[in-house]
Amino acid sequence: MAYPIITNCPVCSKVLKITKLQCTHCQTTIENEFELSKFATLSQEQLYFVEIFLKSRGNIKEVEKELGVSYPTVRGKLNEVVSALGFADKKSDLDDKNVIDMLDKGEISLDEALQTIKKK
């Protein structure tokens, strides 16, 4: 039985390094220092969100429907993933004008627009 890979030491919580790979068919073993993808550090919940986001091709309305959550919740989860991947947190990418434009187009409700603006 294969277990999901852990990325942090269970004793000291520091980042673990992969040092050994082995073929399950021929038992060839390769030892060295290997790097994990940034995505390996995401939690199961964050990975699930990324899967839904990609499946929806970045359409936040579709992500809302799939997850059964509001627009601000989707934006919050997206920002959490962006931060977890180590990307610089840019100034809030939603200014009030963008929120009003989305409200005008019917992409978000009035309550969602107000919640988004209040969170700033």
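This is a predicted model: local features need pLDDT of at least 70, side-chain atom pairs count only at pLDDT 80 or more; totals for chains, interfaces and linings use all residues.

Residues are numbered from 1 along each chain as its sequence is written, and side-chain values use heavy atoms, leaving out hydrogens and water.

**Cysteines.** Select C9 and C12. How far is the sulfur of C9 from the closest cysteine sulfur? The distance is 3.8 Å, to C12, too far for a bond. A disulfide here is a pair of cysteine sulfur atoms within 2.5 Å. C9 is buried (under 20% relative accessible area, with exposed over 50% and partly exposed in between, using a 1.4 Å probe and protein chains only), at 18%. Now select C23. Its nearest cysteine sulfur, that of C26, is 3.8 Å away. C23 is partly exposed at 32%. The disulfide count is zero.

**Helix α3.** Select residues 71-84. Helices are DSSP runs of H or I, at least four residues, numbered from the N terminus. Buried residues in α3 include Y71, V74 and L78. Among what covers the buried residues are α1 (44-55) and α2 (60-67). Just after α3, G86 has a positive phi of about 85 degrees.

**Helices α4 and α5.** Select 96-104 and 110-118. Their axes, lines fitted to C-alpha atoms over the stretch in contact, are 10 Å apart, at about 170 degrees on a 0 to 180 scale between N-to-C directions. So α4 is roughly antiparallel to α5 (over 145 degrees). Show D96, V99 and L103 of α4 against L110, A113, T116 and I117 of α5: these make the contact (heavy atoms within 4.5 Å).

Key
Helices (H or I, at least four residues) and strands (E, at least two) are DSSP runs, numbered from the N terminus. Angles under 35 degrees count as roughly parallel, over 145 as roughly antiparallel, 65 to 115 as roughly perpendicular and the rest as oblique. The expected span of a helix is 1.5 Å times one less than its number of residues.
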